[in-house]
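Visitor: I would like to learn how to read side-chain contacts and surface features in a model like this one. Could you walk me through them?

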Amino acid sequence: MEIKLNSWDINQAIEDYIKKKHDLDIDFSEMHDYPCFKYTEREIVYKRHKNGKVKKHKDGYWLVDEKKTKYVEKYGEISDDTSISFYLD
């Protein structure tokens, strides 16, 4: 089953959380900026031969260079067209 939350649902959940945990009453509709979130994304680097061609496994997929692959922090905002979906079994 897919659960999908649009930006209004997300903002309402954040407002309820802040009200419950911090006893602050905020309204995102009165704010000038959208709420931001931080997430971590893996930037994959593939192993290469000396000539620059990507190395492949015997089954044909590219080999990941784990030593050079890094995790980068990125930022996003919960604008009017944002939605989050996840699946439950």
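**Reading the side chains**

Guide: Gladly! Let us begin with a salt bridge: the side chains of Glu-73 and Lys-38 meet in one, at 3.7 Å from N to O. Glu-73 sits in strand β3 and Lys-38 in strand β2, 35 residues apart, so the pair links distant parts of the chain. Please keep in mind that this is a predicted model.

Visitor: What decides that a contact counts as a salt bridge?

Guide: A side-chain nitrogen of Lys or Arg has to lie within 4 Å of a carboxyl oxygen of Asp or Glu. The 3.7 Å of Glu-73 and Lys-38 meets that rule.

Visitor: How many salt bridges does the rule give here?

Guide: The count comes to four salt bridges. Another one of them joins Glu-41 and Lys-74, with the closest N and O atoms 3.0 Å apart. This pair also links distant parts of the chain, Glu-41 being in strand β2 and Lys-74 in strand β3, 33 residues apart.

Visitor: And which residue forms a salt bridge with Arg-42?

Guide: That is Glu-66, again with 3.0 Å from N to O. Glu-66 lies in the loop between β2 and β3, while Arg-42 is in strand β2, so the pair ties together parts that are 24 residues apart in sequence.

Visitor: How do I read the accessibility of these partners? Why does Lys-38 count as exposed?

Guide: The general idea is a pair of cut-offs: under 20% relative accessible area is buried, over 50% is exposed, and anything in between is partly exposed. Lys-38 has 53% relative accessibility, so it counts as exposed.

Visitor: Let us turn to the rings. How is an aromatic pair described?

Guide: By the distance of the centres and the angle of the planes. Here the count comes to two aromatic pairs. Phe-37 and Tyr-39 form a tilted pair, 5.9 Å centre to centre and with 35 degrees between the planes. Phe-37 is partly exposed, with a relative accessible area of 36%, and Tyr-39 is partly exposed at 32%.

Visitor: What about Tyr-46 and Trp-62: why is that pair edge-to-face?

Guide: Their planes stand at 80 degrees, with ring centres 5.1 Å apart. Planes over 60 degrees apart count as edge-to-face, so the pair gets that label. Both Tyr-46 and Trp-62 lie in the loop between β2 (36-43) and β3, so the pair ties together parts that are 16 residues apart in sequence. Tyr-46 is partly exposed, with a relative accessible area of 30%, and Trp-62 is partly exposed at 43%.

Visitor: Finally, which residues form the negative surface patch?

Guide: The patch is formed by Asp-33, Glu-77, Asp-80 and Asp-81. Members of a patch need over 30% relative accessible area and no salt bridge, with like charges joined within 9 Å.

Visitor: Where is Asp-80, and is it buried or exposed?

Guide: Asp-80 is found in the loop between β3 (70-77) and β4 (83-87). Its relative accessible area is 62%, so Asp-80 is exposed.

Methods
Residues numbered from 1 in each chain as written. Predicted model: local features only at pLDDT ≥ 70, side-chain atom pairs only at ≥ 80, totals over all residues. Heavy atoms only, no water. Patch = residues over 30% accessible without salt bridge, like charges linked within 9 Å, V, L, I, M, F, W, Y side chains within 5 Å. Areas by Shrake-Rupley, 256 points an atom, 1.4 Å probe, with all protein chains shown as cover. Lys, Arg positive; Asp, Glu negative; His and termini not counted. Charge placed at Lys NZ, Arg CZ, Asp CG, Glu CD. Helix = DSSP H or I, 4+ residues; strand = E, 2+ residues; numbered from the N terminus. Buried < 20%, exposed > 50% of the residue type's maximum accessible area, 1.4 Å probe, protein only. Phe/Tyr/Trp six-rings, centres within 6.5 Å; stacked < 30°, edge-to-face > 60°.
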